[in-house]
Amino acid sequence: MNSKRMRLNASDGTKLPWRKLLYVKQDYPDNYVDDTFLDALQKNVNVRIYDYWTTVYESGVIAQHISSIVIFIAVFINLEQQKLATNSLIIAGTLMTSLGYIFWDYSVVQTVPSYASKRNKTAKGALFFFATLLGLSPILRTLTLKTSDDTIYALTACLFIVNMLSHDYSAGPRNIIKFPGSLSTNAAIFASVMLASRLQTNMGVFGLTAFAVEWFALFPIFRRHLQNTTQAGHTALSIIMLAASVTLFIHISKAVVFIYILGITFITFICPAWLIRIQKYKNEIHGPWDEAQPKLQPSREKYYKHR
Amino acid sequence: VIIVTHSYGQRTGVRYLTNGLKVYYVPTMVIYSSATFPNLYGFFPIFRNIVIRENIDIVHGHGAFSSLCHEAILHGRTMGLKACFTDHSLFGFADASSILTNKLLKFTLSDIDHVICVSHTSKENTVLRAALSPRHVSVIPNAVVASQFLPDPTAADPNFITIVVISRLVYRKGMDLLVAIIPRICAMHPKVKFIIGGDGPKRIDLEQMREKHLLHDRVELIGSVPHHDVRNVLIQGHIFLNTSLTEAFCIAIVEAACAGQGLVPFFSRLSVVSTKVGGVPEVLPRHMINYAKPEEDAVSKAIHMIRYEVVKPATFNDELKDKYSWKNVAERTEKVYDLISMTQNSPLIERLRRYYGCGLYAGKIFCMVIALDYLFWIFLEIIFPRDAIERAQRFPYKKYQTFEYSKRCELPATTDSKNDDIK
């Protein structure tokens, strides 16, 4: 029996080096620890080194989004207290949307020329949508007549938090909208409909809902596009939105403005520094025991979900 | 040696298996895929009773995902027994289930006498996961019963080249890779047939692929194969394909290599093609296996290359019979048991100190769990005293083996119906 099994002893009795094999009988005990133990271990190979100012720049997305929510709430409060006329809101909204669309269309056509044919369809779609909204606004106005103010405000607050948390903050072109992103837009529109139903006039309801659709559904597309194209434009937009939210809210509540500025400073300046500081605790381990990533043909890969 | 496991359907209580092996099927609740409900202290009374009945000295648990294993080791250590653990799989470090299981493993392995792993890669993996000293980990590979996997050159169909795949049909076993390769191979070689044994969630993907490429006559899905039938499926093939994405020690390829034989003509040997992951490179010698990277192109190429290999007339079954035998595994495991029997038991405070080092919050929680376990043990000792538990009779192994041997040596003329019943 012993003669058949391969022995790794040299004839003069000195030990041959240990080999990482299971089918040979080696002259080492089972719990022997060789010098090559854990040689294949790789630590922290995929770790990115973050740069502070780049991270600050990237955090502008979150600041912009929070500012957009604050501006919207300010607009609603001003509308309700009739400090802001409905007509001016509608005109301002339409103007800004058209300008934004022209800018976006101009830059997209330069990269994807086939987009020019879609202009007619977009214009027709927009017209149809706003006409429907105008027709539905009397119904929306009486939607929450029986509900108390507190319920509406609590629900709206929850929905805006959901919107903030589930918003798709990543950069890059978008082909399909994945689940968390659509949840955020839905929550925002739901919240705006709730708020709009508190207003007194039909036109007010139409104005606020139209503004909400433009603000929460179309404006993020514009912001993402700006982030992908110009650096200066992105930073400028963040500062403009910050200034706008402060000016709009300062007459309503100074405490909110203070908390808001504190929050934005925290997110923009302190969080990146914190993230970079805790990178030193990162302990990523790779080795031959890792589950292999099967490399399939690209056409097939998108059909195979991980697990 | 006794085995304690959970009940399988109606099969509960005490059973005696072949050669007098005693198995306790404990009636615990099974939740999903043969996993028991983790019942931390509920298992203790019955476990204590079994251990005292059978005069157990060492508790040997298997499998990091087995809750019975972790509980048994925990309670065994509280009662002062020696504990040993065998790890059979590889785990990553990055996803949620791995992080939680590794923490649990760190808990169990904080206070254990020895750990056994089935391959060197598995040893490195376990040492990292549970933060153990590598000197306390032995590598004892699994084995096969080579006599159950004898080759049969006549069983394979000479008109086709048959590729056999037997595995659980799950993501971890590389089923996505298989679904991608089969149409390619079938298109490239018109005389290739696939036999796929086993069941699992990815079976639907395979059937869809078969429908899409109209390969009903080329791809056969035979479903779940019981263990005694595996050899009959293996001998029908010329090539055994293993596409797993991670393996600690792949018994399937050893079984397949056993069932192969090396006589010409060209394709009557069962060649093995496997992905080179985990502990697979340590298992078989180079001439018995062909490796491929877990990429669709690479695996197709490896199967393609087999056609042009020169077949060496070797009998792999005899080779593997000596390399991997359960007797060898038993000898090495006995050495481990002897080693741990000689160590002294540490006092409770030492155990608590070891558990405390598991983490900032986890250490404290684990200490609380152990303390409660210890109190529960004292409580059980008072309520159910040791002397009241009846000691079980030992199964007369020697007498049984002599009897079996004498039965086998008896001439056929002297056998009568009574002896046939006993056989």
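Between chain B and chain A, an area of about 3700 Å² is buried, with carbon and sulfur atoms giving 59% of it. On the chain B side, the residues that lose the most area to chain A are Glu124(B), Tyr171(B) and Asp322(B), which together make up 19% of what that side buries. In terms of contacts, 51 residues of chain B meet 33 residues of chain A. The model is a predicted one, and the values reported here are computed from it.

Asp322(B), one of the three residues that lose the most area to chain A, belongs to helix 10 of chain B, which spans residues 316-323. Within this helix, Phe316(B), Asn317(B), Leu320(B), Asp322(B) and Lys323(B) are buried. The packing partner of the buried residues of helix 10 is helix 8 of chain B, residues 251-258.

Two or more lining residues are given by each of helix 2, helix 3 (86-111), helix 4 (118-141), helix 7 and helix 8 (231-249) of chain A. Helix 3 of chain A provides the largest share of this lining, at 14 residues. By class, the lining of the second largest pocket consists of 32 nonpolar, 10 polar and four charged residues.

Seven cavities of 30 Å³ or more are counted, and the volume of the largest cavity is about 90 Å³. The residues lining the largest cavity are Val61(A), Gln64(A), His167(A), Asp168(A), Tyr169(A), Ser170(A), Pro220(A), Arg223(A), Arg224(A), Gln227(A) and His234(A). At least two of the lining residues come from each of helix 2 (60-80) and helix 7 (202-229) of chain A. Helix 7 of chain A gives the most, with four residues. The lining of the largest cavity divides into three nonpolar, five polar and three charged residues. Helix 2 and helix 7 of chain A are also among the elements that give two or more residues to the lining of the second largest pocket.

In chain B, UniProt places the feature "domain: PIGA GPI anchor biosynthesis" at residues 6-95, in an unreviewed entry.

Met29(B) occupies the loop between strand 3 (22-26) and strand 4 (30-32). Its relative accessibility is 52%, and Met29(B) is therefore classed as exposed. Leaving aside residues up to four places away in sequence, Met29(B) touches Ala35(B), Thr36(B) and Phe37(B). The C-alpha atoms of Met29(B) and Asn39(B) are 9.1 Å apart, at a sequence separation of 10 residues.

Thr333(B), by contrast, is situated in helix 11 of chain B, residues 326-341. Thr333(B) counts as buried because its relative accessibility is 13%, under the 20% limit for that class. With residues up to four places away in sequence not counted, the contacts of Thr333(B) are His60(B), Ile116(B) and Ile140(B). One of these contacts, His60(B), falls within residues 6-95 of chain B, the range of the UniProt domain feature.

Key. Residues are numbered from 1 along each chain as its sequence is written. Chains are lettered from A and ligands numbered from 1 in the order in which they are written. This is a predicted model: local features need pLDDT of at least 70, side-chain atom pairs count only at pLDDT 80 or more; totals for chains, interfaces and linings use all residues. Side-chain values use heavy atoms; hydrogens and water are left out. Buried means under 20% relative accessible area, exposed over 50%, partly exposed in between (1.4 Å probe, protein chains only). Contact means heavy atoms within 4.5 Å. On a 1 Å grid over the protein atoms alone, a cavity is a set of points where a 1.4 Å probe fits but cannot get out, and a pocket is an open set with protein on both sides within 12 Å along at least five of seven lines; lining residues have an atom within 4 Å of a point. Grid points are joined across faces, edges and corners, and a volume is the space filled by probe spheres set on the points. Ala, Val, Leu, Ile, Met, Phe, Trp, Tyr, Cys and Pro count as nonpolar, Asp, Glu, Lys and Arg as charged, and the others, Gly among them, as polar. UniProt positions are given in the numbering used here, feature names are shortened, and annotations may be inferred rather than shown by experiment. Buried area is the accessible area (1.4 Å probe) that two parts lose on being put together, summed over both.
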